[in-house]
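Have the sequence and the 3D view open side by side for this one.

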Amino acid sequence: MSATAVDTRPPAPDDAPGRGSLSAETGRARAWRWLREHAVNVVAILVVIYLLVPIVVIFVFSFNNPAGRYNFTWVGFTLKHWSHPFSDTELTKAMLTSIKLALLATVVSTVIGTMMAIALVRHKFVGRRIANFLIVIPMATPEVVMGASLLSFFLILGTPALGFETLLIAHVMFCISFVVVVVRSRLIGFDRSLEEAAKDLGAGPFTTFRLVTFPLILPGIFGGAMLAFALSIDDFVISNFNSGTTVTFPLYIFGAAQRGIPVEVYVVAMILFFGTVAAMGLVTWQQRRAEKMTAIRPEQEASDIVLPGVA
Amino acid sequence: MIDAIRRRTPAYLLLAPGTLWLVVFFVIPLYFMAKLSLDTEIPGTLHYRFTWEWSNYKEALELYDTQFGRSFIYAGIATILCLIIAYPLAYVIAFKAGRWRNLMLFAVVAPFFTTYLVRTLAWKTILSNESPITEVLHAIGLAPSGHILYTGFAVIAGITYNFLPFMVLPLYASLERIDVRVLEASKDLYASASSTFWKVTLPLSLPGVVAGTLLTFIPAVGDYVNAEFLGGANNRMIGNVIQSLYLTQSDYSAAAALSFVLMAVIMVVVFIYIRFAGSEALMGEEAV
């Protein structure tokens, strides 16, 4: 908030002409002015707190020691759920199914989505508007409609059985659009002279892609993959329609909500939270490094490139 | 000519898998659902026959018109609340946060890292009768009965919280793109802070407002997790109805008809909205 800190300096002498009885007045006026100038900051901080409160609640309640089967009111502190987070075999199995499903869906949708993004940004072809529309429309469709229509499809076709395979089909389907959007935004901001330089230096199209294009759009691909993973592991609505008897983590929670929620759910949710935060931190750090590498300008000395710290 | 075709081939090859996947598992299922919504069940079996049965639509809408209307009202209120809550935050992140920017952006997406269902369960705790929040709201007269859980208020609160990041992020993206010099120019021309906001900042951030409201409203209308966990029997939304018709009552035709009407109404709302607000926001940037 360095930009606003400047505004907090005391009012100019003209505003505070006297001392004594007047200073209380100016004090109040000053407080009023400070509040008026910083009202939007105060509101923003309150909104940030609002966003974080449920996360804190989940964290706190993962240490709860409830008497009954429900973990909604605070009873007492215990570490027992954190020391055995995977004691519930059903929950652990659901979590592993979710992870396996999310990994597979991420790989498939990232490969397919990246290919689509490259085609859409780099090539002019008949039907590009239709392709763009096809990508936008699943994002503008409520999940319940997507889940229901896919179930209708599987029912009418009489596919063998709903289960892991149908879940994978569904998850890849709703992840593709998001991957395309993320990778496309990275490709749009891409300096094409780098590719031309590679071509001028005698690299073929495949070598150019492998050594120049791919490393440069990698952060975008990574971002798309992360988003796909997050969407897949968290999906409940579409999965609920197409899971058959397969149980994922969100489906387990929904089922458990009717008969009582074990505290381990909160523990696993927190483990997932910290894992994602750590992965995000790592990707951001990697991306910053990559950006530093691409930010090297031609006029820079070779020594600067080798030792970026040397001025 | 041959060269042009050769240059174009990889484009179609690159597009093929994704297009195929989306057509087979998104477009064709929608067609199948449309067909199912006009089918009649052959009595005694679980089989259906296509009969142009428009009465499916009539019956479904007559039975579930309250849930339908409620979904749009809840989603509409939640979207407006999201806009009011998100705008100051997006504004501060874009113009005032400085080195706190990344940390604040992290706070915006952090809820996504906790499982959707678990954070909705957390709201069950926050809004329970014993919670201090409920007591405060009761004390100031906002919750006269002394309980919030299992009311429409709780459902709207849950929806507002769960979809807030969808509002903040596009708002932030469009605010961040505004050239600060334009705002300075407005000040230099003696516009007050409030008229700078209403006449310059807000109009320039309109694409973000459009994208944010759509990204919040569309999933909110179809949502049924919040109504399931936080609402009571009188707060069921259309998503709950579609879900139970499909998965427990096996009344596929009625459920398909409802899904279709839901999608059609959303399309109409989105179309009207875009006509008024401009389309750049939804379609995103065109390729170079």
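## A helix tucked inside

Helix α11 of chain B is largely enclosed by the rest of the structure, because 8 of its 10 residues are buried. Here, buried means that 20 or more other C-beta atoms lie within 10 Å of a residue's own; 12 or fewer makes it exposed, anything in between is partly exposed, and the C-beta atoms are placed from the backbone. The buried ones are B:I238, B:G239, B:N240, B:V241, B:I242, B:Q243, B:L245 and B:Y246. Helices are DSSP runs of H or I with at least four residues, strands are runs of E with at least two, and both are numbered from the N terminus.

A quick word on what you're looking at: this is a predicted model, where local features need pLDDT of at least 70 and side-chain atom pairs count only at pLDDT 80 or more, while totals for chains, interfaces and linings use all residues. Residues are numbered from 1 along each chain as its sequence is written, and chains are lettered from A and ligands numbered from 1 in the order in which they are written.

## Its partner across the chains

Which residues of α11(B) does α6(A) meet? They are B:G239, B:I242, B:Q243 and B:Y246, and on the α6(A) side the partners are A:V144, A:A148 and A:L151. Two residues are in contact if their C-beta atoms, placed from the backbone, lie within 7 Å. An α-helix has 3.6 residues a turn, so residues three or four places apart point the same way.

The axes are lines fitted to C-alpha atoms, for helices over the stretch in contact, and angles run from 0 to 180 degrees between N-to-C directions.

## The whole interface

Zoom out, and the contact between the chains takes 76 residues from chain B and 72 from chain A. On the chain B side, the largest share is 18 residues from helix α1 (residues 2–36). By class, that side of chain B has 57 nonpolar, 12 polar and 7 charged residues. For the complex, the predictor gives an ipTM of 0.84 and a pTM of 0.82.

## Chain A and chain B

Chain A has 13 helices and 0 strands, and 36% of its 311 residues are buried. One of its helix pairs is α8 (residues 193–200) with α9 (residues 205–234), packed at about 145° with axes 10 Å apart. Their crossing is right-handed.

Chain B has 13 helices and 2 strands, and 44% of its 288 residues are buried. In helix α12 of chain B you'll find B:A257, which is buried, with 29 other C-beta atoms within 10 Å. Leaving aside neighbours within four places in sequence, B:A257 is in contact with B:S37, B:N56, B:Y57 and B:A60.

Most residues other than glycine have a negative phi. B:Y150, though, has a positive phi of about 65°, and it lies in the loop between α5 and α6 of chain B. B:Y190 also has a positive phi, near 65°, and its place is the loop between α7 and α8 of chain B. Buried or exposed? B:Y190 is exposed, with 7 other C-beta atoms within 10 Å, whereas B:Y150 counts as partly exposed with 17.

Chain B averages a pLDDT of 85, and 92% of the residues score at least 70; pLDDT is the predictor's confidence in each residue, from 0 to 100. Over residues 281–288 of chain B, the pLDDT is below 50. Where pLDDT is low, the predicted coordinates should not be read in detail.

Definitions and conventions:
Ala, Val, Leu, Ile, Met, Phe, Trp, Tyr, Cys and Pro count as nonpolar, Asp, Glu, Lys and Arg as charged, and the others, Gly among them, as polar. A crossing is left-handed if the near helix is turned anticlockwise from the far one by less than a right angle, and right-handed if clockwise.
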